Amino acid sequence: MLTKRESGILMPLSSLPGGYGIGSLGAPARRFVDFLVRAGQSVWQILPVGPTGFGDSPYQSCSAFAGNPYLIDLDLLAADGLLARADYAFLDWGDDPERVDYGLLYQKRLTVLRKAYAAFLERRPLPGCDTPYPDDWYSFTFRCDGWLPDYCLYMAIKQQNGMRDWQQWPRPLRLREPDALEQFRDEHADELGFWTFVQYEFDRQWQALKSYANSRGVRIMGDIPIYVAADSADAWAGGKLFEMDAEGRPSRVAGCPPDFFAADGQLWGNPLYDWAYHKKTGYAWWIRRVRHALGIYDILRIDHFRGFDTYWAIPAGETTAKHGRWENGPGMDLFRALKTALGDLPIVAEDLGELFDSVRELLKASGFPGMKVLQFALDGTDNEYLPHNYPANCVCYPGTHDNDTLLGWWENGATEAERQQLTEYLALTGAEGVRDGVLRGVLASPALLAVIPMTDWLGLGSEARINVPGRADGNWQWRAAATAFTPELAAEIRAMTARYFRARRPRGQAAPADPPKAETAAAGGSGPKKPQPCDEKTAHHVKK
């Protein structure tokens, strides 16, 4: 997968400026692609694009397959004639353009999308069409038949039940009794149609954006969590795929054992896979999941890769992770099945944290590049996270979305010993040289792909941190300023990455200026717990 020296930028879609309260798949994303081209970058790394759930996290989504309704570009819908600007442009999307207000999005975004759906229905059938919907509607629903009906049904039932967790639904619906599901489908056909429409529009806009990025030489690296959320369409419809009891409730859940950082361990609560059953099916669900993900992304990063080797299993009902036990995962058996079905896999393994030797052996056997993070290197030893030790087959970072920014870490998190080691290792000239020194160290390393968070290129502090692991609230909110992506910054990034033979060669012509909004829209138009589209407790947001 990695064949030459390249570099990329980590920038969540939600963190882009523009898009009415959150970054979106239209002009905001295309402008960033153009910035990447000017900066000589080959890879745009993003976070999972599924609907956000518990704590606003893209890693706790109600679907392993669906797209986030918040990311649908409203200007593109307007260009398609499904909205008027008055439907959305003058609504209150938050008083801070550099923070995502998920409460306001929850209250207002779906209302706007329902207006678009009503307009979509009104213009059926299209002139010259023999069927009620356009051809690409049928193509989309056929292509997504393995997950879309269950997802739409899950969301419709969830709406009908006050957005409560599916474990709290009436028993016939919770246990998917056929007669109860059929009756619900008959009585709520329009609601099922709405959720299908939302995913159809997300898919159209996403594929247009991906085609635009690829045509400009930019590959998108996406991300999937290893586990599905407990409150998800996947867990509700998965049945034997997971360790569930007779009532459809998880018998054991995922987490991490106690360690230096957490005396009680980490209790994630995700249902665990029944790997013996997956093996009997030839890993059909995983093949379908990875095939779907590779239809969205060019490169696929799999979070918590170590869980395919060994994973911590905690009895359901425990209040901490202390009483779990290590179990064996599917190992190479899964990846051989994936390769047989899908061919060579452009996968990056998130292999961070305390690892057993068996995890390292699995990574080596898979051939996947792992990850190296410079912020993890400074323990006074000659360890694997120091840049001179990076193998060519890896992706290296100064920090990931789970780390503080470089300047935030230097000012607030690094110990004096860490600062001293970093200063000596990189010959830093003082605090003012930390950002450039660390980026030079990462970019100069042997790793074939170096990815720098946008927050570090911008030289921002802890106010721009994307996620603090273990903190339930206040994450995933940072957004770049509207004026952040300047020609001067693009030139600086190109110059520094070119110095280490990573920048793409300039093409024969300059990158185009940002197109007018209407032109951009037309180009894409054709082609503690917070509630989200797949969450509950709406009253929490009303108070905000």
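A disulfide is a pair of cysteine sulfur atoms within 2.5 Å. The legends below describe a predicted model, in which local features need pLDDT of at least 70 and side-chain atom pairs count only at pLDDT 80 or more, while totals for chains, interfaces and linings use all residues. Residues are numbered from 1 along each chain as its sequence is written, and side-chain values use heavy atoms, with hydrogens and water left out.

Figure 1. A search of the whole structure finds zero disulfides. For cysteine 152, the closest cysteine sulfur belongs to cysteine 144, and the separation of 9.6 Å is too far for a bond. Cysteine 152 is buried, at 2% relative accessibility; here buried means under 20% relative accessible area, exposed means over 50%, and partly exposed lies in between (1.4 Å probe, protein chains only). For cysteine 394, the closest cysteine sulfur is that of cysteine 396, at 5.6 Å, which is again too far for a bond. Cysteine 394 is likewise buried, with a relative accessible area of 1%.

**Figure 2. The open sheet of eight strands.** Helices (H or I, at least four residues) and strands (E, at least two) are DSSP runs, numbered from the N terminus. Two strands pair if DSSP finds at least two bridges between them. The strands of this sheet follow the order β9-β6-β3-β2-β1-β12-β11-β10, and their pairing is parallel. Strands β9 (347–349) and β10 stand at the edges; each has a single partner strand, so one side of each is left without a neighbour in the sheet. Neighbouring strands are turned by 25° against each other on average, direction ignored. For such angles, axes are lines fitted to C-alpha atoms (for helices, over the stretch in contact), and angles run from 0 to 180 degrees between N-to-C directions.

**Figure 3. Strand β10 and its partner β11.** Strand β10 spans residues 370–373 and is covered on both faces: Gly370 and Lys372 are buried on one side, Met371 and Val373 on the other. The parallel pairing of β10 with β11 (residues 394–397) runs over four bridges. Within this pair, glycine 370 stands opposite cysteine 394, and valine 373 stands opposite tyrosine 397.

Figure 4. Cysteine 396 lies in strand β11 and counts as buried, at 0% relative accessibility. Contact means heavy atoms within 4.5 Å. Leaving aside neighbours within four places in sequence, the contacts of cysteine 396 include Lys372, Tyr390, Val442 and Ala447.

Figure 5. Helix α8 (residues 189–215) has 27 residues and reaches 39 Å from its first C-alpha to its last, close to the expected 39 Å. The expected span is 1.5 Å times one less than the number of residues. Of the 27 residues of α8, 21 are buried, so the helix is largely enclosed by the rest of the structure. Just after α8, glycine 217 takes a positive phi of about 85°. A nonpolar core is a set of buried Ala, Val, Leu, Ile, Met, Phe, Trp, Tyr and Cys residues joined through side-chain atoms within 4.5 Å. The largest such core has 165 residues, of which Leu13, Trp44, Trp206, Trp286, Tyr297 and Phe308 touch the most other members. Helix α8 gives the most to this core, with 11 residues. Beyond its neighbours within four places in sequence, tryptophan 286 is in contact with residues including Ile226, Tyr273, Trp275 and Phe308.

**Figure 6. The open sheet of four strands.** The order of this sheet is β5-β4-β7-β8, with antiparallel pairing. Strands β5 (266–271) and β8 (325–328) stand at the edges with a single partner strand each, so one side of each is left without a neighbour in the sheet. The twist averages 50° from one strand to the next. Strand β7 (residues 310–315) pairs with β8 over four bridges in the antiparallel sense, and alanine 313 stands opposite arginine 325 in β8.

**Figure 7. Two residues with positive phi.** Most residues other than glycine have a negative phi. Aspartate 56, which is not a glycine, has a positive phi of about 65°. Aspartate 56 is placed in the loop between β2 (43–45) and α2 (74–79) and is buried, with a relative accessible area of 0%. Phenylalanine 501 also has a positive phi, near 60°. Phenylalanine 501 lies in the loop between α18 (487–499) and α19 (517–525) and is exposed, with a relative accessible area of 67%.
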